[in-house]
Amino acid sequence: MAAEEAAEASLAQLSPEGRQLRREDDHEETPEDCGETAALNGVVVSGKMKNNNLDVKVTEPGLETEEKGMEEESARESDSSILDVSSDYPREKHISIQRHLVDLEKLADLKEGEFLMGVSKNTHLAAKDEKKPCPLCPEEKFRACYSHKLHRHLQNLHWKVSVEFEGYRMCICHLPCRPVKPNVAGDQTSSKMGAHYHCIICSATITRRTDMIGHINRHVNKGETESRFITVPAPKSSREVVKESATDVQVLPNYSTPQKTDSYFNPKMKLNRQLIFCALAVLAEERKPIECLDAFGATGIMGLQWAKHLRTSVKVTINDCNENSVTMIQENCHLNKMKVKLNTKEEDGDEAMGDGEENADTIEVTRMDANVIMHLRSFDFIHLDPFGTSVNYLDSAFRNVRNLGIVSLTSTDVSSLYAKAQHIALRHYGCNIVRTEYYKELAARIVIAAVTRAAARCNKGVDVLLAVALEHFVLVVVRVLRGPTPADDSAKKIRYLIHCQWCEERIFQKEGNMVEENPYQQLPCDCHGSMPGKTAVVLGPLWSGALFNTGFLRRMLFEAAQYGLDEAQPLLKTLVCEAECTTLKHFTTHSPYDENKQDTGVTRIFCGPGKRKSEEVIRTTPKRQKPESSAEHPAFYYNIHRHSIKGMNMPKLNKFLNYLSEAGYRVSRTHFDPMGVRTNAPLAQFKTVLMKYSTPTYTGGQAEGPVHLPEGVLAGEQIQAAPDGKEEDAEFLEDDESGVATDYVVTADYTTHRAAE
C-alpha cells in the first residue's frame, strides 16, 4: 500500500508533457484519443466515462486495461451522441456546466492538464489541504485559497446565479472565453474580463442572466433541446390541435406569442378572420372562381377556412417566408384532408395557377417574400396581416390586383395608431395625431389614407367597404377601381382635420389650396375667442370619406348567417346601422341579394363551371358615380360620458338617441365606442339635448352641485321628459326579445353592450 502511494505521488509530480510521453510509451494512441486530449481550453467532453472510484493502480497492465476501457466506451458514447440526437445532454459542454456543486469543486483539485480526466462526476479526487484556484475565474480575479473559502466563492458567486436546464446548472464564467471590447486604457482590458454564461445547447456566450433564460426558452420553443448545433423539430406529442370554424390546425407551444414561435396563432383574432371570410364570400358570389392570397399564412388557418367552406368558388394560395411555417401549413392541409401544391420558385409567375382544371381541394403553398409574390402574380382578393404595420406591402398589393378586386389589411400596430406612440405614426403613415375621444376612428382613417395613396400611385382608386377598429387590430377592406379618374377622386378625399383641444369639436378643412386668414373660423365652437392661447391643432392627412358600404355590409351579414358565424353577426348589425346612421330599432333583415346592387356596380354572370371570361364582370353604373352626401354617415362621434354635466344624471343611451332623432338629427351607435353617439348634430346642440333630458343628482335630499340650465329650458320640461321614456323602454325590450338587440358579447376584442343603456 505504501508503494502504491509513493507511485501515485511520483505520477502527480510529473508535468502534463511527461505524463503524455509515458502513456505513449505504454500503448499506441488512437485518433479518438487525440480528439479527447485536445481539451485544455475550457471545453471538455461530456460523454459518460467509466467509474474511477477505485484506487488508481500503478502497474502498466492495469493502466492499459483501464485506458482501453475508457477509450472504447468514450468512442461508443461519442458515436451514439452524433447518431442519436435524443441523448440526455449535448455531446460537448463547457466546464461551467455541471450538475452539482461538488462537481464544480472537484475541478479545482485538478491541474491545468488534468481537466479531461476530471470531467466525470464519479472521478475520485483525494482532498488536499492546500490552496486551490477557482476553475471559472482567472488568477488575477481570484487568487488561490483554501477549500472552505473556495467553497463559499463557488457557491455565492457562481452557483447561486446559475441558470438551470434539465438537471444541469450553467454557472457564470469569468474566464477569457468571450471577446471583450477594448477599453480606453488598453492595459486594463485583461483585468476587466466580462462575466458570461455558456449555452448548453448551442455553446453561445451571453452576458446577462435574464438574456440567458430567454435564450434557453427560445431553444425550447423551437424544439432545440436535445443536441448541439442540430435543430430538432418539436415532437408531435407537444403540438396542440386547435379547432376554429370546423377547421383544425396544429400549433406549437406558446403559439399566441409571436416572439416565441414561428407559427403564430392568435385566438383573439377569431372575429377578424370571420369578417374577412364574409368579405371573401361576398366577392365569391359576384364572380367565380376567384384567386385569393393569404400573404402571411403562419399556421394557414385563414386560407384553410376559405378553401374548406367556399370550395370551388376560390383558388387559395397561402404564402409565408418562414420555412417552419410552410412545413406547418402543409401538415395542417393534410390534417384537413386538403391537397397541397408546393411552389417555392420565384420565376413561375402567372403560369403557376394557369390551369383551371385543378382539384377543388388543392391549396397552393408558397415560400416567398410577400412583396415578391404580389409582384409576380395577379389576384382577385389579397389579405395582408403582418406583425405590426402593413404599409411596407401596400405598393405590391395594388400593383397586380385585378379590377374590382378586394384588398383587406389588418394592422396590429395599435400603439402608434391609437396615438400612444405618435412619432411612430408620423414615421410609418406620415400623419400627425393626438389622443382624442374618437381615437379609434382616427386610426381607421389614417390607415385608409395610406391605402388610398398607395393605390393612387398605381393609378387605382378605392371604394371603402369596411373599417373596423377594436382593441387589438384595425381592419380595413377596400375595393379596387382601376383607372386614373377613380384614383384622382379617391385622392381628393384625403384632407386635414382641425381639432379643438378644449371642447373636442372637430371638422375637416375645406377643399382648396388657398390659405385662410383665420382657420379657427371653420370650427363651429367659439373656444378660440373665449379661451386664451391657441386652442386647436391640425391632424392628418386623413381619409374624409365614408367608412362603410351599406349594401356590402348587408351581404356580409347574410353570408355570416349562412355559414353560422355567430360572433360576427352582432358586429355586422351594428356596422349596418352605423353606415345607415340609424338605430337597431329600425333595423330590417331583408335579403340583400333581392335588391339591385348599386353599391358595387357589378353583375354576376356565370360562364360555366371552372371557367371565367374576361367580360364576366360588367359595370352597371356610370364610371364616375359619386354617392350623395346625404347618404354618407356623419364623420366621427361623441362620447356621452365625456360630455356629461357634473351634478346631473344623464339619460340612458338608447333614450338619448331617440331624443336626438326627434330633434331632427341623424343618429346611431358606433362600434368604435360602446358609449359613443354618431350624429350630424353640432357639439353645442348635442350638449343642449343632453342637458335638457338630464335630471339632478340628489344626495340626502340635496343636489351634489348647482344645476346649470340653458336659457329657454325649464325645469318642468326636464321632469316631464322622464316618464316619456317608459314607452320607449318597452319598445326596446320588444326589440331585444325579437332577436335584434344591442346585447352582444364578442370575446375580449369586442366590448359588452348592455341593453339597459
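Let's start with helix α8. Of its 17 residues, 15 are buried, so α8 is largely enclosed by the rest of the structure. Keep in mind that this is a predicted model. Now check the length of α8, which runs over residues 270–286. At 1.5 Å a residue, it should span 24 Å, and its end C-alpha atoms are 25 Å apart, which agrees.

In soluble globular proteins, nonpolar side chains tend to be buried together.

Take F398. Leaving out residues up to four places away in sequence, F398 touches V407, V451, A454, A455, C458, K460, V462, V478 and V480.

Now step back to the whole chain. It has 757 residues, and 47% of them count as buried. Its secondary structure comes to 22 helices and 31 strands. Look at the contacts with a separation of 6 or more. Residues 24 or more positions apart account for 66% of those. As for the surface, the chain exposes about 37,700 Å², and carbon and sulfur atoms supply 50% of that area.

Next, helix α18, residues 550–562. It has 13 residues. From first C-alpha to last it reaches 19 Å, close to the 18 Å expected at 1.5 Å a residue. Which residues of α18 are buried? G551, F552, L553, R554, R555, M556, L557, E559 and A560 are. Notice M556 in that list. Just after α18 comes G564, with a positive phi of about 70 degrees.

On to the aromatic rings. How many aromatic pairs does a search of the whole structure find? Ten. One of interest is Y659 with Y693. This pair is stacked, at 3.8 Å centre to centre, with 15 degrees between the planes. It links distant parts of the chain, 34 residues apart. Y659 sits in helix α20, while Y693 sits in the loop between α21 and β27. Are these two tyrosines buried or exposed? The cut-off for buried is under 20% relative accessible area. Y659 has 6%, so Y659 is buried. Y693 has 19%, so Y693 is buried too.

Ring pairs also link Y438, F508 and F636 into a cluster. F636 has an arginine as well: R445 lies over its face, at 5.0 Å from the ring centre. Likewise, R435 lies over the face of Y439, at 3.8 Å from the ring centre.

Find it between α17 and β20. T535 has 1% relative accessibility, so T535 counts as buried. What does T535 touch, beyond residues up to four places away in sequence? The list is H499, C500, Q501, W502, Y520, C527 and H528. Take Y520 from that list. T535 and Y520 are 15 residues apart in sequence, and their C-alpha atoms are 8.8 Å apart in space.

Last topic: the backbone. Most residues other than glycine have a negative phi, and most peptide bonds are trans. So where do we find something else?

Start with the peptide bonds. From K288 to P289 the bond is cis, with omega near -15 degrees. P289 is in the loop between α8 and β10, which brings us back to our opening helix. From G540 to P541 the bond is also cis, with omega near 10 degrees. P541, though, is in strand β20.

Then phi. E166 has a positive value, near 50 degrees, and is not a glycine. Its place is the loop between β4 and β5. E166 is partly exposed, with a relative accessible area of 47%. R311 also has a positive phi, about 55 degrees, and is not a glycine either. It lies in the loop between α9 and β11. R311 is partly exposed, at 36%.

That's the tour. Thanks.

Technical notes. Residues numbered from 1 in each chain as written. Predicted model: local features only at pLDDT ≥ 70, side-chain atom pairs only at ≥ 80, totals over all residues. Heavy atoms only, no water. Helix = DSSP H or I, 4+ residues; strand = E, 2+ residues; numbered from the N terminus. Expected span 1.5 Å × (residues − 1). Buried < 20%, exposed > 50% of the residue type's maximum accessible area, 1.4 Å probe, protein only. Contact = heavy atoms within 4.5 Å. Phe/Tyr/Trp six-rings, centres within 6.5 Å; stacked < 30°, edge-to-face > 60°. Lys NZ or Arg CZ within 6 Å of the ring centre and 35° of its normal. Areas by Shrake-Rupley, 256 points an atom, 1.4 Å probe, with all protein chains shown as cover.
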